[in-house]
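Dear colleague,

Please find below the structure that I am handing over to you. My findings follow directly after it, and I would be grateful if you read them with the structure open.

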Amino acid sequence: MNVKFVNLKRQYQQDKSEILKSIDNVSKKGDFILGNTLEKFEQRFSSFCDTKYSIGLNSGSDALFLYLKSLNLNKEDEIIIPSLSFVATAWAAGNSGAKLVYCDVGEDMNIDPIKLENCITKKTKVIIPVHLTGRVCDMKKIKHICDKYKIILLEDSAQAFGAKYYKKMAGSFGDVAAFSLHPLKILNVIGDGGILTTNKKKIANKIKLLRNHGLKNQDSILWGYNSRLDNIQAAVGNVKLNKIKKRIKLNQKFASIYNSELSNYLITPKVYEYEEPVFHRYIVHIDKNYRTKFKNFLLKNKIETRINYGIPLHLQKSSGYLEYKKGSLPVSEKLSKTMLSLPLYPELNINEIEFIVKKIKSYFK
Amino acid sequence: MKNFYTSQYKKDIKKKISHNYLPDQFKDSEQILKKIKILIKNCDFTLGKDVTLLEENFKKLTKTKYAFGVGSGTDAMFLSLRALDLNKGDEVITTSFTFYATVGAIVTAGGRPVFVDIGDDLNIDPNLIEKKITKKTKAILLVHWAGKVCDMDKILKISKKYKIPIIEDACHAIGANYKSKPAGSFGLSGCFSFHPLKNLNAWGDGGVICTNNKSFAEKIYLLRNHGLVSRNVCKLFGYNSRLDSIQAIVANFIIKNRLNNITKKRILNSKFLDNELNKIKEIELPIRSKAPSKEVFHLYHVFCKKQKQLVAYLNKKGIDAKIHYPIPVHKQPAAKNFVHKNMGLVNTDKQVRRIISLPVHEYIKNKDLIFIVDAIKNFYNYERKIRKS
């Protein structure tokens, strides 16, 4: 048996003919940019995520970037982001014109609400909690902090489509949320794509301008970008939305098997009764001195694993100008050395999950 | 006059002679769909081998050393300017007679647009550039409008003299050349678009940056993909602006099977209209490229009298005549911070009131062209009659 870390081919094998048909429908009409197909996808996305407005963009990163740009921040302003995330969170904030402030994470790898409050200054304008691995941050506390200090709450929900926290959908807590439709996300398209969701009409209108050259009727009323979700990608998204509930359930099922079988050997992600993560990644932690050995053992048994966030954001070269030192955000640094992502996606079959479990157990015997 | 928006293009399709040829072009796309089927089988969706092939194709088409597929033509310009690390107050010289994206890219990249007037070829007037150069000028963003390359001999001299890099907005100019040298190969950066209504089109947004400069190429490589050197190492804060494989597939198909014909047909149609319309007293032709230079007529413009009435008349006749664009960029609400008195955009202001665009794409037949010519003749005959009576 050979278990790949990701297996898009298997996923697309199932949906191939439906997807091709949906693409053909768009191409026959010659309707490629900002059309009905996109509008339909946006509406369905909104109703799934319990938000009023969804705006299709070129990528999840663009959703963060365009919204931050719309705020016209200056270099005195500060944006707080967690030190553990994919780099897109950092570049979107770093390129927005404001100063980037990193906040350490908790043992759950999400931003630590207590440390977050300590990061706040008079200049803090935006907080971007990242629902890493598809698990919603401690939004009660974070929302409370944002309300208390009147700070904008922008949820980086790139990995968390469909995740719930106290029965409320990821992306429905803050002022705005950014979702990604990248091929490796749970709801995905066959290229880059993203969605910004919000309940505020004013924000929705502004982002619609920014994604399409600032054009309103015949006037260019502000300087914008070109960041439109292609109708072709929206057509694929519509096909994928039909299957999403089933896919999320499978992820959750596999994760619960891992959790119950592996928690005696590895630090597995705790799932509290009030949360329903979607497990974009399933990350375990192991003593840093044994991680390489363990990873190699699994590889020898044809099980691919990955270290997804091996260098925290504040220690990336691109953050050099901010002058964070090693040890400044200790939890994220520690977790980056102990984390390991196991294969987990809906297209795995139960035999493969059992195989992985068996091999891991045999390592610890 | 709402006549150039996506939504409007979609309505104009109902006109007999339309600018929009997409349903004709893609009514049978079996060959493209076959390739997409393979893509879906291999799941090579992001920066895969189709994008590499497209980049190879572009290096050949433009005779440049490096090419990078990006999210759109707008992004091509935005990333090129971002790579120059503009500071507040830095100036970029360009023209106001362009689509908003050209100037939008300058502003969003942190620059200040400085407008130079156009000549009677609708491109930047090279004799007016030097006057606008200051210590803060960081780039000249040339627009090869409608598919005609700017007067490069003069402009390259200026670029060399002041050591100011040139970025080419070649979004209209795939296949065009100036004295046999391809559009997009003159400057530090050549920017192309695959928007569905471009001569070389895809099924959504897409673009390419071409360059001969190695260090610039390295920077673009990072900027388009999150600044990532490898999966875990981020060297600089970049963006996400990658050409989708599926769009690369469509563009590669067009390059291989259609582009030459598209270009030829547009040139032929334009030459026909030039000959016929030149006979009408009220019509004047913009200055065209002379051999061995080649313009590709992404848009076909002539200057006319009674512009708005003529457009309305032709539209009524089922001819999709348009004005690209009735309001120049410097008169847009978004430009208010960059506008001052005496900008000297005399010709820009004059020509937007005289231009008209007529469809010349590959699906326009000779009888359509004759119909267009006759309609224009009729319009002016009628106008003359009214004036006499």
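A:Tyr258 belongs to helix H9 of chain A, which covers residues 244-262. As the model is a predicted one, what follows was computed from its atoms. With a relative accessible area of 0%, A:Tyr258 is buried, because the cut-off for that class is under 20%. Between the C-alpha atoms of A:Tyr258 and A:Ala178 there are 29 Å, the two residues being 80 apart along the chain.

A second pair of residues may be set beside this one. A:Val136 and A:Glu276 are separated by 140 residues in sequence, and their C-alpha atoms lie 8.2 Å apart in space. A:Val136 is placed in the loop that runs from strand S4 (124-127) to helix H6 (139-149) of chain A. A:Val136 has a relative accessibility of 4% and therefore counts as buried.

I turn next to a sheet in chain A. Three strands form an open sheet in the order S7-S6-S12, and their pairing is antiparallel. Strand S7 (168-169) and strand S12 (275-276) are the edge strands, since each of them pairs on one side only. Two bridges join strand S6 (residues 164-165) to S12 in the antiparallel sense. At one of these positions, A:Tyr165 has A:Glu275 in S12 as its bridge partner.

The aromatic residues deserve a longer account. A pair of aromatic rings is described by the distance of the centres and the angle of the planes. Over all chains, the count of aromatic pairs comes to 43. In the pair of A:Tyr102 and A:Tyr324, the ring centres are 5.3 Å apart and the planes stand at 70°, so this pair is edge-to-face. The two residues come from distant parts of the chain, 222 residues apart: A:Tyr102 is in strand S3 (residues 99-103), and A:Tyr324 is in the loop between H10 and H11 of chain A. A:Tyr102 is buried, at a relative accessible area of 2%, whereas A:Tyr324 is partly exposed, at 25%.

Another pair, that of A:Trp223 and B:Phe338, is tilted, with 6.3 Å from centre to centre and 45° between the planes. A:Trp223 lies in the loop between strand S11 (219-220) and helix H8 (231-241) of chain A, and B:Phe338 in the loop between helix H12 (307-316) and helix H13 (346-351) of chain B; the pair therefore joins two chains. A:Trp223 is buried at 11% relative accessible area, and B:Phe338 is likewise buried at 11%.

Ring pairs also connect A:Phe41, A:Phe45, A:Phe48, A:Phe161 and A:Phe179 into a cluster.

In chain A, A:Lys240 is placed over the face of A:Tyr12, 4.1 Å from the ring centre. In chain B, the charged end of B:Lys181 lies over the ring of B:Phe186, at 5.1 Å from its centre.

Lastly, there is a nonpolar patch on the surface. The patch is formed by A:Ile311, B:Val229 and B:Val233, which together have about 200 Å² of accessible area. A:Ile311 is found in the loop between helix H10 (291-300) and helix H11 (330-338) of chain A. The relative accessible area of A:Ile311 is 31%, so A:Ile311 is partly exposed.

With kind regards

Methods. Residues numbered from 1 in each chain as written. Chains lettered and ligands numbered in written order. Predicted model: local features only at pLDDT ≥ 70, side-chain atom pairs only at ≥ 80, totals over all residues. Heavy atoms only, no water. Pairing = 2+ DSSP bridges. Helix = DSSP H or I, 4+ residues; strand = E, 2+ residues; numbered from the N terminus. Patch = residues over 30% accessible without salt bridge, like charges linked within 9 Å, V, L, I, M, F, W, Y side chains within 5 Å. Areas by Shrake-Rupley, 256 points an atom, 1.4 Å probe, with all protein chains shown as cover. Salt bridge = Lys/Arg side-chain N within 4 Å of Asp/Glu carboxyl O. Buried < 20%, exposed > 50% of the residue type's maximum accessible area, 1.4 Å probe, protein only. Phe/Tyr/Trp six-rings, centres within 6.5 Å; stacked < 30°, edge-to-face > 60°. Lys NZ or Arg CZ within 6 Å of the ring centre and 35° of its normal.
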